[in-house]
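Let's take a walk through a protein model together. Keep the structure in view and look up each spot as we reach it.

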Amino acid sequence: MIRILLALLGLVAAFAASARAQTVQRDWTPYEQNKQCMISENFYNPTYQRDGTKYWLIPDNSMATIILKWHVSGDQFLNEVQYVSRKSFAACFNGERECGLPLNYDIANELSQFDLPENGVSTAYFKTPPPTSAVRNAMAVVGDCFGPAGEGIYLDELGLTETDLPIDVCYRAGNTMFYRGERDRSEAPVMTDAQIAKYREWGMLAYSLINQLHNKPDEGATRCGVAPAELIPSFMQYYDDNGYGLLEDPEYIAAQEAEAAAAAQAAAEKQAREDEYLRKAKRERLLARNDYERFGTLDGCQIAYSYVFGGINRDKMSFIVDPVPDSGISWALKYEQTQAAGQSCPAMPQELGDWMARQDPDLFEAYGAEEEFRNNKPNIWNDNDWKAFVERWMWRNQTFAESYVQGGNCQAAVWYARNIAHDWDAFNQAELDFVGLARVFGRWGAPDQALCAAIPPDVLPLARKTWERHYNQVMREKARQQAEWDEANRREAARRAEIDAAYDELLNWKPPYQKQSELRCYNVEETKYGTRQRCFSD
């Protein structure tokens, strides 16, 4: 079975284990022995190296999987486990993490060192299997993966349960837990923040394991076997709400497969029709040439080399029959060498000559000439170059020139050729050529205006009919949208005017003037008659 390396939290685990018999070592095949183990044999199989030692592919990036690694590897554990994982495992011995292991600061200190001391406390400690308390703690994350060491420890007392849900349900839950509930939460079963934190190690493992399955769907299971019991009601609700039951219904599956097969058949038939059209158009183009256009100034060796090159690279559009003989390929290599050295053409083997005699000379194509013109975007400098390209493509067809205007004949013909034209058998050669040219221009992003230089008359009747229907529909839709925009703008303008008027009224408000009804006086001097006053009157 193929070995699969799993990246858990971005780290790749790769380990080498000793083949020496240990009390805790065994052929670890929990997938076959117990379906309640999350880490199946599908992922982690022992593979033998040249020296006879085993390669155990078990992730050691969480406390639970490190303990499982310890259980499987025996006294080779410290030699196998990576430094980064070993350093994080120190948290189980210094009180930072509860792993079912005793406090031992000496072990924690040694695990944190890059180079382990020889004959240290940790070396002696890890010669013995994990204690039952550590096995119990790890099983709460990975499930029943410990064989006899896990006997008497049951999943239900650890908060896990065996389930038979589609693997996608657990993957979505694990994905949310992996990102601490901050990503894709709306696309996963409902879970509280407390549940996400409580079962995060399980979720991280599920996410990584199942993500590997998604990358290699042909090599893994399709069911989620172990999950937190507390989350099963939410998982089942998500299963029901998202139609997983329907996806597992045999009749529905059969109907979907039939629909997919019909769609694939229709696509294949459409592709075959298009291929036949392209092949027919190419054949007509090749047959329409005269000898000079066909062979130009090529000599016999150049013609033979073109045949061999075309035969080696032939595809469904090629008219070359039979594979190129091996002697022909050898001859072509010698020909390339002699040409590079300026030497004369090598003698042609009889087998190559017989093969060339079976080809139709009327369909001969010089090496790269026609295909390069048809399939490769030319070096174009201006609109006249594009026009010349179009005229060359349509050179032997009866065509006329048309100006490019909105809704005009040229626009109608181009739109029809790209979107509607599929009835290849009903088209003449001019229509076939124009349809191919219009689609090539669309693929290249070339200017449609250049296509107006050579429009076949026969393409216009259907083009005008379908285009006008499409154009009128587009114009009606634009008019409807414009009417909606105008009405929205009118309402917005009225509302803005109303707001502006209210602001103006507030900004220009002045308190009303109230006439003083009493004299306002103040004393100015003392006289023999008393105090004289001066008063303001309104």
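## Before we start

This is a predicted model, where local features need pLDDT of at least 70 and side-chain atom pairs count only at pLDDT 80 or more, while totals for chains, interfaces and linings use all residues. Residues are numbered from 1 along each chain as its sequence is written, and side-chain values use heavy atoms, with hydrogens and water left out.

## Sulfur links

A disulfide is a covalent bond between the sulfur atoms of two cysteines. Here, a disulfide is counted when a pair of cysteine sulfur atoms lies within 2.5 Å. How many disulfides does the structure hold? There are 5, and we'll visit some of them.

Let's begin with cysteine 37 and cysteine 145, which are joined with an S to S distance of 2.0 Å. This pair links distant parts of the chain, 108 residues apart: cysteine 37 sits in the loop between α1 (30-33) and β3 (47-48), and cysteine 145 in the loop between α7 (132-142) and α8 (155-158). Those labels come from DSSP runs, numbered from the N terminus: helices are H or I with at least four residues, strands are E with at least two. The torsion about the S-S bond of cysteine 37 and cysteine 145 is about 100°, so this disulfide is right-handed. Both cysteine 37 and cysteine 145 are buried. (Buried means under 20% relative accessible area, exposed means over 50%, and partly exposed is in between, using a 1.4 Å probe and protein chains only.)

## Two left-handed links

Next up is the disulfide between cysteine 92 and cysteine 99, with S to S at 1.9 Å. Its torsion about the S-S bond is about -60°, so this disulfide is left-handed. Cysteine 92 has a relative accessible area of 2%, so it is buried. Cysteine 99 counts as buried too, because its relative accessibility is 1%.

Cysteine 410 and cysteine 452 also form a disulfide, with their sulfur atoms 2.0 Å apart. Is this link left-handed or right-handed? With -95° about the S-S bond, the link is left-handed. Cysteine 410 lies in helix α21 (residues 409-419) and cysteine 452 in the loop between α22 (429-444) and α23 (460-507), so the pair ties together parts that are 42 residues apart in sequence. Cysteine 410 is at 0% relative accessibility, so it counts as buried, and cysteine 452, at 2%, counts as buried as well.

Helix α14 (residues 250-287) lets us try a quick check. Among the buried residues of α14 are Glu274, Asp275 and Tyr277.

## Nonpolar cores

In soluble globular proteins, nonpolar side chains tend to be buried together. A nonpolar core here is a set of buried Ala, Val, Leu, Ile, Met, Phe, Trp, Tyr and Cys residues joined through side-chain atoms within 4.5 Å. The largest has 62 residues, and Phe89, Phe93, Phe126, Phe146, Trp202 and Phe235 have the most contacts inside it. Apart from it lies another core, of 31 residues, including Trp393 and Trp415.

Contact means heavy atoms within 4.5 Å. Not counting residues up to four places away in sequence, phenylalanine 126 touches several residues, including Trp70, Phe77, Phe89 and Phe93.

## Two buried residues

Glutamine 359 lies in the loop between α18 (350-357) and α19 (369-375). Is glutamine 359 buried or exposed? Its relative accessible area is 6%, so glutamine 359 is buried. A polar atom of its side chain lies 2.9 Å from the backbone nitrogen of valine 321.

Leucine 352 has its place in helix α18 and, at 0% relative accessibility, counts as buried. Leucine 352 and valine 324 are 28 residues apart in sequence, with their C-alpha atoms 7.8 Å apart in space.

## Positive phi

Asparagine 119, in the loop between α5 (105-111) and α6 (121-125), has a phi near 55°, a positive value in a residue other than glycine. Asparagine 119 is exposed, with a relative accessible area of 72%.

Aspartate 184 has a positive phi of about 55° although it is not a glycine. Aspartate 184 counts as partly exposed, because its relative accessibility is 32%.

How values were computed: Polar contact = N/O pair within 3.5 Å; in protein donor to acceptor, adjacent residues only side chain to side chain.
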